[in-house]
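Student: I have not looked at this structure before. Could you take me through it step by step?
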Amino acid sequence: MAERPLLGQLIDALKCLPGVGPKSAQRMAFHLLERDREGGRKLARVLDEAMERVGHCNMCRTLTEAELCRLCSNPKRDPATLCVVETPADVMAVEQAAGYRGLYFVLNGRLSPIDGVGPRELGLDLLERRLADGKVEEVILATNTTVEGEATAHYISEMAHASKVRVTRIAYGIPLGGELGYVDGGTLSHAIAGRREM
Amino acid sequence: MERDILHSAFILHRRPYSNTSLLLELFTPRLGRLPALAKGVLGGKRNNSAALQPFQPLLVRLAGRGEVRVLAVGEADGEALPLKARGLYCGFYLNELLMRLLGRDDPHPRLYQHYFEALGALSRGIDELEPVLRRFEIALLRELGYQPEFDRLADGSAPDPQGRYAYRLEEGLAPAQLHDPGAVSGRTLQALCGEVDFGDHERREARRLMRGILSHYLGGRPLKSRELFQSRIGNK
């Protein structure tokens, strides 16, 4: 049987990207082949290398090609605060926004029994050992505000209490520039319950 | 027409589907458990992923004819049940039970009512979690037609609170052999029927009894949400 044309293979391969359907995949393929071969080569090289070499940081389990990621190996970061997030993308979001100076722990998921994800699948024993070694003084739970995120936060808070580590949860509230009338009831009731003195 | 009806519903489970959609597993009184696709609800203009969470009473309107319906309308119907801490684990447990034991498109309006009441009880207090779970387990088994009877023995006589009894699947209760490790007291049976309150001892026995019965119907693969309780208890 003849090999499928390379062009078809390329279009098919591009469809694995999120948000890319057949039409966009075709556009991308033609763009690379007709207008930007150099860019395409570079993409291929970097993509290949990243797929081969990027793994998880031994400490925080975010994505990195090194043993320890840039954040964990940075001596200026404060090892006494540990921010627990669900995904490497969350690390990036907090890094870009928050002026946070501590370290991270990436769960790469959340507790979700129906999906078959329990404490063991999340590797929470690793976090438990880290909390037990006494260097961490505060855990900031920055899991999502879904029910699974809440359950995960509660589970980790019990672990942290057992190791006598202070636990905080990120605040819920009204988005900046938001109007109360458009905010959903759940967020609003959390925002009222978590109000602050002025 | 069916598509104009608003159904009460709870979400048992949700997972992301393509970029901005959610694939929901709904539990409704009149349609039973069924999958539905909520299109474009993550981010963007139709963002109402906050309402589309488990333990939030919903009003939904469903469209489409395939096995997976399309969620045309999904709005909060009152406040979400504020499950906290272990109550939240219990909520997951109930959802997992329903996902595992209740087939799709098999309506059980009474079971829906039991579920609603159980969530309400779980969200109110932390002391009485276990009896709530036991009551729901029994209601679920009854609705599914398994008929576990705890108020009389297989021969029709009433259990004695001081006696020890063993439960045989498909048969029912019989006086236990001496030193039967699976045996429970008559008082535990009374507690399961709601005639007396659960003490610590009854709680433990009832948990073991129901776990044994359920594991038969679950076909060997244990419930994942139990792990949430187990590993922490070991460390406390």
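Predicted model: local features only at pLDDT ≥ 70, side-chain atom pairs only at ≥ 80, totals over all residues.
Tutor: Let us begin with chain B, which has six helices and eight strands. Helices (H or I, at least four residues) and strands (E, at least two) are DSSP runs, numbered from the N terminus.

Student: In what order do the elements of chain B run?
Tutor: Starting at the N terminus, the order is β-β-β-β-β-α-α-α-β-β-β-α-α-α.

Student: And what does the C-alpha trace of chain B span?
Tutor: Along its principal axes, that trace spans about 65 × 40 × 30 Å. Of the 236 residues in chain B, 50% are buried; buried means under 20% relative accessible area, exposed over 50%, and partly exposed in between (1.4 Å probe, protein chains only).

Student: Which strand does S1(B) pair with, and over how many bridges?
Tutor: S1(B) pairs with S4(B) in the antiparallel sense, over three bridges. Two strands are said to pair if DSSP finds at least two bridges between them. In this pairing, B:Ala9 stands opposite B:Leu58 of S4(B).

Student: What else is S4(B) joined to?
Tutor: Six bridges join S4(B) to strand S5 (residues 69-76) of chain B, and the two run antiparallel. B:Ala63 has B:Val70 in S5(B) as its bridge partner. The hairpin of S4(B) and S5(B) has five residues between the strands, and B:Gly64 takes a positive phi near 90 degrees there.

Student: Which strands make up the open sheet of three in chain B?
Tutor: Its order is S7-S6-S8 (chain B), with antiparallel pairing. The edge strands are S7 (172-175) and S8 (184-185) of chain B, each of which pairs on one side only. Strand S6 (residues 164-168) of chain B is joined to S7(B) by four bridges, and B:Tyr167 has B:Leu173 as its bridge partner in S7(B).

Student: Let us switch to chain A. What is the strand order in its open sheet of four?
Tutor: The order is S4-S3-S5-S6 (chain A), and the pairing is parallel. Strand S4 (102-106) and strand S6 (166-169) of chain A stand at the edges with a single partner strand each, so one side of each has no neighbour in the sheet. On average, neighbouring strands of this sheet are turned by 25 degrees against each other, direction ignored.

Student: How many bridges are there between S3 and S4 of chain A?
Tutor: Strand S3 (residues 78-85) of chain A pairs with S4(A) over five bridges, in the parallel sense. A:Val85 stands opposite A:Val106 in S4(A).

Student: Which strands does helix H5 of chain A lie across?
Tutor: Helix H5 (residues 124-132) lies across S3, S4 and strand S5 (138-141) of chain A, running at about 155 degrees to S4(A). Axes are lines fitted to C-alpha atoms, for helices over the stretch in contact, and angles run from 0 to 180 degrees between N-to-C directions. Helix H6 (residues 147-162) of chain A packs on the sheet and touches S3, S5 and S6 of chain A. Contact means heavy atoms within 4.5 Å.

Student: How much area do chain B and chain A bury between them?
Tutor: About 2,100 Å², with 61% of it on carbon and sulfur atoms. Buried area is the accessible area (1.4 Å probe) that two parts lose on being put together, summed over both. The contact takes 24 residues from chain B and 26 residues from chain A.

Student: How many salt bridges does the rule find across that interface?
Tutor: Three, where a salt bridge is a side-chain nitrogen of Lys or Arg within 4 Å of a carboxyl oxygen of Asp or Glu. One salt bridge joins the side chains of A:Glu121 and B:Lys224 (2.7 Å, N to O).

Student: Is B:Gln53 buried or exposed?
Tutor: B:Gln53 counts as buried, because its relative accessibility is 12%. Its place is in the loop between strand S3 (32-38) and strand S4 (58-63) of chain B. A polar atom of the B:Gln53 side chain lies 3.3 Å from the backbone oxygen of A:Thr145.

Terms used: Residues numbered from 1 in each chain as written. Chains lettered and ligands numbered in written order. Heavy atoms only, no water. Polar contact = N/O pair within 3.5 Å; in protein donor to acceptor, adjacent residues only side chain to side chain.
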